[in-house]
Amino acid sequence: MLDPNIVKAELAETLGRFKRHRPLFPLHLGVTPGEFSTLNIIEQYQNSELGGIKTSSIGEISCMSRPAVSQMLNTLEKKGCIMRIMAEKDRRVVLVCLTESGKEILQQSKKMFFAMVDRIYEEFGEENTKKFIELLTRYQSICFDDEFYKKIKFKSERKS
């Protein structure tokens, strides 16, 4: 039998990939699932030596385009969750860091998110939770299979 915390951590990671699944994210805290995910990335990857994380790194980690990252950061900045600062060594580099408000919102959001993870684990049990993780992971790989979409596009172009 695996340590329940290991299975719960894997479940949390799997569920986190479904950013648009609203019941997992506390919208009353004023952040959307995508914003929660971005705040989490900033917290997890910000470099304490630099004072933040590069905007380009946020895009790479989240697989968002530059315009999408910019729009997300504008929204989070307006909500008072993040600050953008220029790197001291290279003024062309923009770094992003969490504000105190952003840290508080993220901590409250995580608390609620992990309470839901605990509930799912308790309701499903270890074996069903592992199977659920496996099925969600398979579902995601099917939905985000770029080769599949390329084949469909290629077939539809040939019919035209």
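These notebook entries record what I looked up in the predicted model above.

**Conventions**

I number residues from 1 along each chain as its sequence is written, and I use heavy atoms for side-chain values, with hydrogens and water left out. As the model is predicted, local features need pLDDT of at least 70 and side-chain atom pairs count only at pLDDT 80 or more, while totals for chains, interfaces and linings use all residues.

**Entry 1: overall layout**

I began with the secondary structure, taken as DSSP runs numbered from the N terminus (helices H or I, at least four residues; strands E, at least two). The protein has six helices and three strands. Read from the N terminus, the order is α-α-β-α-α-β-β-α-α.

I then looked up burial (buried is under 20% relative accessible area, exposed over 50%, partly exposed in between, with a 1.4 Å probe and protein chains only). Of the 160 residues in the protein, 32% are buried. For contacts (heavy atoms within 4.5 Å), I noted the sequence range. Among contacts with a separation of 6 or more, 61% join residues 24 or more positions apart.

**Entry 2: the largest nonpolar core**

Next I examined the nonpolar cores, each a set of buried Ala, Val, Leu, Ile, Met, Phe, Trp, Tyr and Cys residues joined through side-chain atoms within 4.5 Å. The largest of them holds 28 residues, and Leu39, Ile42 and Ile82 have the most contacts inside it. Two or more residues each come from α1 (4-16), α2 (33-45), α4 (66-78), β3 (94-98) and α5 (100-143). The greatest contribution is that of α5, with eight residues.

I followed Leu39 further. Setting aside residues up to four places away in sequence, I found that Leu39 touches Val31, Leu76, Cys81, Ile82, Leu98, Ile105 and Leu106.

**Entry 3: α2 against α4**

I checked how these two helices are placed, with axes as lines fitted to C-alpha atoms, for helices over the stretch in contact, and angles running from 0 to 180 degrees between N-to-C directions. The axes of α2 and α4 come within 11 Å and cross at roughly 90°. The two helices are therefore roughly perpendicular to each other (under 35 degrees is roughly parallel, over 145 roughly antiparallel, 65 to 115 roughly perpendicular, the rest oblique).

On the α2 side the contact is made by Gly34, Glu35, Thr38, Leu39 and Ile42, and on the α4 side by Met72, Leu73, Thr75 and Leu76. I sorted these by class: five are nonpolar, three polar and one charged. The classes count Ala, Val, Leu, Ile, Met, Phe, Trp, Tyr, Cys and Pro as nonpolar, Asp, Glu, Lys and Arg as charged, and the others, Gly among them, as polar.

**Entry 4: helix α3 and its end**

In α3 (residues 55-62) I found Ile58, Gly59 and Ser62 buried. Seen down the axis of α3, these buried residues fall within an arc of 95°, so they line one face of the helix; the arc is that of the directions from the helix axis to the C-beta atoms. The buried residues of α3 pack against α2, β1 (53-54), α4 and β3.

I also looked up Ile61, which belongs to helix α3. Ile61 is partly exposed, with a relative accessible area of 34%. Beyond its neighbours within four places in sequence, Ile61 contacts Ile41, Tyr45 and Ile53. The C-alpha atoms of Ile61 and Thr38 are separated by 9.5 Å, although the residues are 23 apart along the chain.

After α3 comes Cys63, found in the loop between α3 and α4. I noted that Cys63 has a positive phi of about 60° although it is not a glycine. At 73% relative accessibility, Cys63 counts as exposed.

Thr129 lies in helix α5 and, at 0% relative accessibility, counts as buried. Apart from neighbours within four places in sequence, Thr129 contacts Val7, Leu11, Ile120, Tyr121 and Phe124.

Glu126 is placed in helix α5 and, at 12% relative accessibility, also counts as buried. With neighbours within four places excluded, Glu126 contacts Met1, Leu2, Val7 and Tyr121.

Glu127 lies in helix α5, but at 55% relative accessibility counts as exposed.
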